[in-house]
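Please look through the report below with the structure open beside it.

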Amino acid sequence: MTSRMMRKLMPVLAIPAVLSLLAVPVRAQGWIEPRPGPQPAQWGIEKLRTSVTVRVTDRIATVEVEEWFRNNGGGLGESDYVYPLPGEAVFSNYSLYQGDQELRGELMDATQARDIYERIVRARRDPALIELVGKGMLRARVFPIEPGQTRRITLRYTQVLERAGDALQFRYVAGAPGTGAGQRPAQRPAMTRPRDAAPLTFTMTVVDGARYRDAFSPTHPLDVERAGGHMTVEPRGDLAGDVAVLLPFAASPVGVSVVTHRLAGEDGWFMLTLSPGAVTESRVPRDVTAVIDVSGSMSGDKMEQARRALHQLLGTLDDGDRMRLIAFSNAVSPWREGWTPATRAELRRAGEWVDELRADGGTNISGALERAFDATTSAERLPIVIFLTDGQPTAGETQPERIIAMAESQRGRARVFAFGVGYDVNTALLDGLGEAARGSTQYVQPDEDVEQAVSLLAAKVRHPVLTDLALQRGVVRMTDVYPRELPDLFAGEELVVFGRYAGTGQGAVAVTGRRNRQSERYAADAVFAASESRNDYLPRLWASRKLGDLDRRIRSAVADGASRDQVQELVEELRETALRYGLLSEHTAYLVQEPGMVVADAAMMAAPVGRAAVLRAERARRSREVASVAQMDEAQQAAGSALSLNAITVTAAGVRPEAAPGGARMMAGRTFTLQDSVWVDTRHAEQRVVTVEPYSDAYFAVLRTLPELGLVMREVEAVLIAGEAVSVRVRRGGDTTLSAAAVRRLADEFRGR
C-alpha cells in the first residue's frame, strides 16, 4: 500500500440530501432538444409520461414507445426528438409519429452518435448527461408544439433478440432520472437535478410463454405472471439505466446463459447464469439435519419463533427425504438416533417433539456439530445441516478456530446453513461454518423473525436439481470467479456466477454436476471478445461480489491471528477494488492519515462478537450474493447507512450522498471535500495532476479511457480524482486536447499499471 493511503481514519460526515431546483421533470428515454439557433425566450418542453410495451414472438421483439410532451414555455421553437439506443443500432422496421403525422428519423450507432451527445453535453454544461455518451441514437425533427399544447410521440420498431447461451436477451435504455434533458441550458442552475422524473411504465408480453422459464433480470427486480399461454413481465419500482431481461429456454433441464463486457486493453467480465427447469421425479433426495440451540438465552419469544421455524422446515420435507433433529444446550439431545424417513406419521411425531423443547443451560456448539456430522449419507443423497444458535460456545470446545477445524474435518459432504440469532453470536465461527461447505450464514437481528428466515431457506433448498457443481474453463482463462465454490442448484432459483476472463475466443462454457450418482454437463456457446461495450453493469456487480468475499476473508484472517502483512494485503485489495468500481465499504469511506493504522482498523472492524460485528457480517453476505443491479444498490444503501450517511440516494451510478454544510461529500465510494470550489478526493497527495477543461475534447477522451471516472464526473463539474500515481482534475483553464499517447499514459498511471 502506498504511503499516501496509510493515513489515520477520519469518519465521513453525515450528509443531508440537497433538493434540486430544476423545473422540468424528465427521464432519459427520449426527449425534445432545441436545435441550434435562435429560440424563444421561454423554452419549456416538459415530458409528462412514457409508456413502453414489448411483445416477443419467437426471436422478434416488437416495441412501442409512447411519450407525452407539453409546451410550458411562451413560444415555438425548432427542435429534435432524441432517443438513445443501447450501445449500437438495434432497430429495424421502425416508424415514428408525432400524433398522426409521421416523422422522418435518422438512425445512428454509438460511434456516429458520440459527437452529437458530446455537443449536447457541452451546450448544456450538464455533467449528468455524460452517461449517454456511448449510446446509439435515433434523431428526428419534430413539428413545433404550440404553447400550452400536449403532443404524443410514438416510436415503433422491431429487433431480433440476441442469444445469450440458452436464453434470449432484450435490452432497453431507460436512462437515469434527472438528466435535465428538455430544458433550455440558460435556465438550468449549475450542478442541480430535477425533483421528479416523468412516470414510466414498462410491460413485456412473451406470446409463447411455455417456451421459456420465468424471465429474470440482472438489472431490475421483475414481476412475472402467466396466463393464457402468455408470460407478462414488469419491472418493480423505478426504472433507470439499461434494462436487461433474459428469457431462458425451457427445453433443457438446466439452461446456461453467458453475457460479457470488456474494455479495450483490459481483462473482461462475464456473468454465467444457471436456470433450473421444473422439478422432476429424478430430483436429488435430501438428508436434512436440524440443529437447534435451546440454551437459556433462547427462552421466551426466540424459543417460540424457533419452534415455528422447525415446523416450517418439517413441512418442506417430501417423500424420499430423511430427517434428524438435534437440540443442544450444555448437553446434546437428539430426537432419535440415525435417520428417520419423512413420512406423514413420522413428521407428526417430530412436530410433537419440537413442541416440547424448552430453553435452559449453556451452549455446547462443538458437541452439537459433532453429533450433526456423525451420520453417514449415501452418494445419491444431499446432506443438509441447518444450524441455529443465539450465543457463543460456553461448553465443550470453546475456541472458534478449533470448532471450525473440527467441523471441516468431520462434515464430509454436508452443506451447512447457519443462522445467528441476535447480536451475541461469534460471526467468525458462523461464517467459517458456511464458508467452505457450499452453504451460507445468515444473521437474524433482534427485530427480525427467526421463523421467516428459516422458512425462506427451507423453501429455497426444497428441490435440489444438481449438486457438486464445477465450472469448466475452456476457451479463455477465467479468474476471480465468485462465488469461489459453486453452491448446489435448486429448483425455482437461478444461480448467478460472476468472473473475469483473459484472452479471446468462441466456444462452450460448461458446468458439471451430479444427480442420483450420475454426472451431468450443461453448456452454452459464448463469444469472449477483445472489446464488448454492452452489459456495462457487469463490472460493478462482479466488484460487489469480490468486496463481500474480501470482507469475510479479512475478518477470518484477524480472528485466526494472521500476520500484519497478510491482513494489510487483503485490506489493500479491498480498498483498491472499491475505489476502482465506485463502491462503498468501511475501508474506503475513511481517510488514512498515519502509517500503521490500516491493520489496527481492520482488527477493530473484525471483532467477531456484538451488534457491529453481526451487522457487518450480514452486509458482507448481501454484497457477495448480489445478482442484480437492484440488489447491489440495496447492499450499497446498507453500507451507506452503516457509515452514518443519513441521507443518501441510490442511483444507477451507485450511492450518492449529497454535500453536507461542512463541505464533505461521498461519490462513487470516494470521499471529497470542497476546496476553492473544487471537490477534492481525500486520497490525493503530492503527485502529478492532469487538468482538463470541462466538456472539452480532452475531457471526453479521458472519460472514454477511464470510464470509471464517469461515476464522479456525472455528479459535479469541478473535481479532482486521485489515482495510484496521478490525479485527474476537471477545472476551467485546463487542457482542451490530449494526445492519444498522453491519455494512455494517464490511464496506466491512474490505475497503477
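**Salt bridges**

Glu-346 and Arg-336 join their side chains in a salt bridge, at 2.8 Å from N to O; the term stands for a side-chain nitrogen of Lys or Arg within 4 Å of a carboxyl oxygen of Asp or Glu. Glu-346 belongs to helix H3 (residues 344-355) and Arg-336 to the loop between strands E20 (332-334) and E21 (340-341), so the pair ties together parts 10 residues apart in sequence. Helices (H or I, at least four residues) and strands (E, at least two) are DSSP runs, numbered from the N terminus. Glu-346 is buried at 16% relative accessibility, while Arg-336, at 30%, is partly exposed. Buried means under 20% relative accessible area, exposed over 50%, and partly exposed in between (1.4 Å probe, protein chains only).

The whole structure holds 51 salt bridges. One network, built from bridges with shared partners, contains Arg-114, Asp-115, Glu-118 and Arg-704.

**Basis of the model**

The model is predicted: local features need pLDDT of at least 70, side-chain atom pairs count only at pLDDT 80 or more, and totals for chains, interfaces and linings use all residues. Residues are numbered from 1 along each chain as its sequence is written, and side-chain values use heavy atoms, without hydrogens and water.

**Helix H8**

Helix H8 covers residues 538-559. Of its 22 residues, 19 are buried. Gly-561, with a positive phi near 75 degrees, follows H8.

**Nonpolar core**

The largest nonpolar core has 41 residues; such a core is a set of buried Ala, Val, Leu, Ile, Met, Phe, Trp, Tyr and Cys residues joined through side-chain atoms within 4.5 Å. Tyr-83 and Phe-170 are among the members that touch the most others.

Conventions
The expected span of a helix is 1.5 Å times one less than its number of residues.
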